Amino acid sequence: MSVLSIKNYTKYYDDFKAVDDLSLEINQGEICAFIGHNGAGKTTTLKACAGILNFDRGEILINGMSIKESPLECKKIMAYLPDNPDLYEVLTGIKYLNFVADVYGVNSEDRKTRIKELSNLLGIYDNLAQPISTYSHGMKQKLAIISALVHKPKLLMMDEPFVGLDPTATHHLKNFMKDLCSEGSAIFFSTHVLEVAEKLCDKVAIIKKGKLVASGTMEEVKGRTSLEDVFLELDSQSEEVVND
Ligand code: ATP
């Protein structure tokens with residue numbers, strides 16, 4: 001069953017077409033990497049799927065519901081982790097997590113277990129009583145990850161989630177992602193780390209200058225070569241177009 005269905009998504013910023021006619025399906029249990037050069041249109045696409053950026057043409061369905069027509073219903077079952085999360089710095093870590101758990105209606109028993117487990121593994125359990133303003137960049141990233149996972153979203157979308165994480169946290173985040181998908185959720189995330197994408201993901205979508213230039217299962221897209229080779233090959237093709 002399709003958890004995220006993007007059909008002919010097109011987004012303009014004034015006269016500039018940032019994303020052009022992009023279509024993509026991500027099903028239950030699948031992790032899909034979204035890769036592309038800087039400015040290709042990844043954040044623009046993720047934000048539209050999360051319902052925080054309007055778009056001009058096409059349709060985005062979350063679990064069969066339109067993000068435009070039923071934004072609240074869609075948001076209840078998803079989580080979006082931006083590349084630079086804005087947290088309420090005056091709150092302590094635990095107050096922030098409880099606030100997010102309240103918003104999503106997570107009962108006190110479930111939230112306790114989940115917050116304890118995730119924060120222990122990510123190594124910030126002992127910091128949860130401190131104000132977020134005292135956290136390092138990586139600690140804030142970890143807190144934002146926990147807040148995105150606390151309600152076990154059916155669709156998890158993340159913008160470069162591995163940036164700034166230490167190797168242990170990176171390892172645990174990969175496991176959290178696999179666990180979530182094994183329970184029937186789906187994950188769509190952008191990354192520039194092709195080795196992680198290649199090892200972790202069932203699917204991959206490559207965007208170039210706003211257009212999807214390759215998508216499918218990891219095996220289909222990379223064939224007998226590596227994801228890096230495929231990416232570099234597609235990049236050089238675009239250079240030729242520019243040179244023509
Ligand atoms: P990166 O890997 O650097 O994060 P990205 O693939 O996420 O890049 P986007 O942020 O989606 O890229 O940007 C896509 C294009 O849209 C870029 O050309 C960018 O300059 C443009 N763009 C993004 N946000 C705006 C905005 N608010 N107004 C005008 N143009 C924008």
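## The sheet

Strand β1 (residues 2–13) and strand β4 (residues 57–62) run antiparallel and are joined by five bridges, with Ser5 having Leu61 as its bridge partner in β4. The model is a predicted one, in which local features need pLDDT of at least 70 and side-chain atom pairs count only at pLDDT 80 or more, while totals for chains, interfaces and linings use all residues. Residues are numbered from 1 along each chain as its sequence is written, and side-chain values use heavy atoms, without hydrogens and water.

Strands (E, at least two residues) and helices (H or I, at least four) are DSSP runs numbered from the N terminus, and two strands pair if DSSP finds at least two bridges between them. The open sheet has four strands in the order β2-β1-β4-β5, paired antiparallel, and its edge strands, each pairing on one side only, are β2 (16–27) and β5 (65–66).

## Two helices in contact

Helix α4 (residues 108–122) packs with helix α6 (residues 167–182) at an angle of about 145°, their axes lying 9 Å apart; axes are lines fitted to C-alpha atoms, for helices over the stretch in contact, and angles run from 0 to 180 degrees between N-to-C directions. In this contact (heavy atoms within 4.5 Å), Leu118, Leu121 and Leu122 of α4 meet Ala169, His172 and Phe176 of α6.

## Where the lining comes from

Helices α2 (71–76), α3 (93–103) and α5 (137–149), together with strand β6 (78–81), each supply at least two residues of the lining of the largest pocket.
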